Amino acid sequence: MTSGGITAEPPVAAAPPPSTESGRFGRYATGAFFLLPALAVLFVWIVYPAVYTIVRSFYGQSGYLGTFVGIDNYKRLFTTSTLTTAIKNNAIWVAVVPAFVTSMGLIFAVLTERVRWAVAFKTVVFLPMAISAFATGVTWRIMYQQDPNVGAINALGRSISGVFSPAGVLPSALPSTPTLHALSSGAIVLTKPVQPGGVALLGLTAIPSTSVPKGAKQAATPAAKPGDIVGTVWRDFKPGGGKPGVVEQGELGLPGVKVELRSTSGKVVQTTSTGPDGSFEFTKVPPGTYDPAVGASTFAKPFGGYSWLGPSLITPSLLIAYIWIWAGFAMVVIGAGLAAMPRDVLEAARTDGATEWQTFRRVTVPLLAPVLSVVFITMIINVLKVFDIVLALAPESTQQNANVIALAMWRTAFSGVNDFGTGSAIAVFLFLLVIPVLFLNIRRFKREV
Amino acid sequence: MKYKWAYVAALVAVLAAAAGYASISKASTSTAGSTKAVSGSISFDGVWTGAEATSFGKVIKAFNKVYPKVKVNYKPLGNNVSTVLATAIAGGHPPDMADIAQPGYIKQLVAQGKLQPITYAKSVIAQNFSAPWQKLGTFSGKEYALVFKAANKSLVWYDVPDFKNAGVTAPKTWAQLLKTAATLKASGTPAYSIGGSDGWTLTDMFENIYLRTFGQAKYDQLTAHTIKWTDPTVKTALKTMAKVLGDTSNINGGTSGALQFGFNDSVTNAFGSPSKAAMVFEADFVSGVILSSTKSKAYTGFNVFKFPQIAAGPPSTAVEVAGDLFVTFRDNPAIEAFVKFLATPTAADAWAKQGGFATGNHNVPASAYPNAIDRAIGTAVESAKGVVFDMSDEQPASFGATTGQGEWGIFQKFLKTPSNVNGIASQLEASAKAAYKKGK
């Protein structure tokens with residue numbers, strides 16, 4: 001404590017008149033006595049654990065101290081991939097979050113001065129602060145779900161993409177036998193070309209019985225007609241599997257499916273639609289060889305959603321959720337700074353002909369600098385020790401990709417591994433990272449006093 | 001100033017009182033033969049919360065019928081058991097008894113001399129448990145743990161309507177299982193529901209495949225890390241597993257979906273309405289999730305079959321189990337009485353009646369189980385000829401039981417790229433090597 005330059009002794013000028021030796025001792029004794037509870041708390045909860053953690057970080061895995069291992073734990077900190085990922089991720093957090101939160105808070109604070117429903121707007125932006133980070137994590141985890149039926153963000157994506165590329169009627173269907181194959185466009189084509197008078201059997205599987213179009217009837221076995229190409233598109237499945245490639249009793253035709261007749265060069269010559277029994281017919285086909293196909297639009301998959309919680313997007317997803325929480329806090333603090341700002345300076349600038357942007361850039365921001373730095377520094381500290389939102393939001397399969405130092409410490413020391421030595425080393429490392437920021441903060445406090 | 005020493009004295013007195021309160025009150029016991037004479041209190045830290053805690057309460061109640069003067073203070077810790085225990089042990093104040101699910105952790109505690117042997121209960125245990133179960137509780141040649149509750153992990157659960165729609169029945173061999181899965185896919189329902197966000201669902205699948213392919217002896221060797229994870233047997237098992245994980249269009253949600261679903265999601269996806277997949281490879285506790293989270297009913301909605309045999313030859317009767325191992329940190333007549341009681345069928349009976357319980361105690365009558373599915377699972381566990389413990393629980397926790405790290409994390413990578421058998425095997429070996437070295 002004394003190294004920081006703070007001293008508990010009163011300034012000399014304020015010293016009371018000198019008194020007798022015993023009287024001075026008595027005064028110090030009383031003072032010490034009143035300090036005792038605070039000191040006891042400080043010692044038990046701050047000093048002892050901190051010192052123990054530092055000492056512990058040089059010892060082995062378990063026990064009160066375990067065996068002395070020197071700086072092995074610190075070496076492990078920078079050589080274990082799980083821990084280096086955590087350090088890298090924390091660097092990303094520090095680089096992104098304080099800047100974003102501060103600038104968004106500034107934008108919100110300046111804008112709310114100008115909108116009519118400022119209170120309502122501020123309330124909405126500030127509301128996330130009232131929710132615990134854990135609850136936020138759980139909520140966003142659901143919003144980020146990949147399945148658009150669950151995740152709100154991907155549901156939005158689906159409704160937008162649904163306008164531009166609507167889903168087909170049979171998105172999950174697959175060819176039932178190797179006599180059919182899927183093209184890269186998504187269309188399913190008969191592998192052996194057909195000549196007029198031939199028959200095309202287009203059997204499809206992996207269609208849930210609930211997805212069979214309404215009005216479907218028993219699939220028809222097509223009878224060849226000279227000069228025409230006839231065929232059937234049907235759900236080539238019955239309980240037990242049936243015989244793939246053969247139209248059997250109990251297998252339904254797929255009505256309303258668009259069938260294309262392609263020339264061998266891939267050009268669509270004719271199109272038709274299947275009947276209730278799945279049958280289709282291309283009439284008066286000129287001689288030649290053709291590939292009957294079911295068009296790609298039938299199999300167009302609905303928007304499957306982005307994997308927000310997947311390994312590559314998990315950290316950005318976390319950052320968004322975290323900024324969402326803290327932007328309101330920054331707005332309120334900066335807004336308070338803005339309210340306390342002398343208006344006459346702004347008015348003077350405007351009178352002198354400064355534009356709004358110039359006023360903002362040259363007057364508002366410099367005057368707000370102390371407040372902005374408070375927000376910025378607070379956010380750096382918050383972000384360095386970020387923990388709960390990562391634990392709650394990231395699924396376990398990608399928690400390793402989203403790892404941060406505080407979470408790595410907890411996982412290493414307590415959850416499963418129970419390696420108190422390395423855990424302590426991580427804690428000490430985190431402490432070292434926070435110290436410069438704390439130092440900045442203390443210096444600022446002293447300046448303000 | 002006059003009173004200051006009085007203040008100090010008062011403060012000291014308060015602190016002393018607080019310290020006295022914090023110290024653990026020891027059980028007072030007498031050595032008289034009558035059960036009524038044994039008295040004391042036992043602190044017990046366990047994993048069960050909610051309904052399971054209530055069920056364990058019934059066991060304690062049954063104990064108190066015999067020993068009315070012993071008070072058992074059960075503390076439900078949920079998933080924090082190992083955290084709380086590790087801290088309590090490091091601080092020198094462990095509970096009297098605890099329920100630990102990882103034999104690997106018990107092994108460590110025995111090596112550190114933290115546990116008391118329960119040799120006094122040897123004869124009771126021998127009367128009620130067959131040899132493989134006794135072996136599970138034996139560490140360094142002495143009895144240290146009682147496997148009170150066991151979970152049968154060699155099971156596959158299926159959605160009955162999905163199977164009916166596809167016209168398939170429960171398979172008995174691995175080849176049949178793969179054929180069934182293909183038919184399910186053709187019927188329009190993905191065959192597999194995988195909770196890949198929880199790494200342990202994947203290690204469980206691997207362990208069952210390994211056990212059913214190479215048998216118990218190899219399984220035990222791999223568990224002890226006397227054969228390496230780069231061994232050809234491991235690679236063969238991984239290739240077998242890739243037949244499931246690599247069939248991506250047959251997995252609900254595909255690979256990326258499976259990586260985001262937890263164990264509970266995988267169960268509700270398969271047995272909820274509408275059913276999104278047909279099968280879940282997991283332990284007997286699946287039925288509890290189905291009954292509490294979906295409207296599916298036993299037999300008409302869900303059913304279960306044994307994990308199919310993979311190697312040629314007669315089906316293996318070995319069962320992979322997970323279990324609750326009870327250990328003691330102290331020794332006194334009250335604790336001895338409780339441990340002996342827990343080994344009796346009366347104790348197991350008290351929980352079995354509540355449902356969701358299986359035990360290796362072969363003297364528990366089949367009638368104790370409340371429904372036929374519980375009974376089938378319970379009796380299969382009781383009569384199992386070979387019992388192997390969940391491999392990942394027997395290994396050092398940094399390899400076998402840490403989220404996103406070691407085995408759990410690597411098997412999640414395997415789910416992502418099932419073709420990378422060699423790479424996965426060498427990653428497993430590297431991680432295992434580091435963990436076993438550190439554990440020593």
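This is a predicted model: local features need pLDDT of at least 70, side-chain atom pairs count only at pLDDT 80 or more; totals for chains, interfaces and linings use all residues.
Local features need pLDDT of at least 70 and side-chain atom pairs pLDDT 80 or more, whereas totals for chains, interfaces and linings use all residues. Residues are numbered from 1 along each chain as its sequence is written, with chains lettered from A and ligands numbered from 1 in the order in which they are written.

Q: Why does the radius of gyration of chain B agree with that of a compact globule?
A: The radius is taken over C-alpha atoms, and the globule rule is 2.2 Å times the number of residues to the power 0.38. For 440 residues this rule gives a value near 22 Å, which agrees with the radius of chain B, 24 Å.

Q: Which element gives the most to the side of domain 1 of chain B that touches domain 2 of chain B?
A: Domain 1 covers 34-152 + 321-389 and domain 2 covers 155-317 + 395-439, with bounds from an automatic or database domain assignment. In chain B, 16 residues of domain 1 are in contact with 19 residues of domain 2. Helices here are DSSP runs (H or I, at least four residues) and strands likewise (E, at least two), numbered from the N terminus. With three residues, the element that gives the most is helix 4 of chain B.

Terms used. Two residues are in contact if their C-beta atoms, placed from the backbone, lie within 7 Å.
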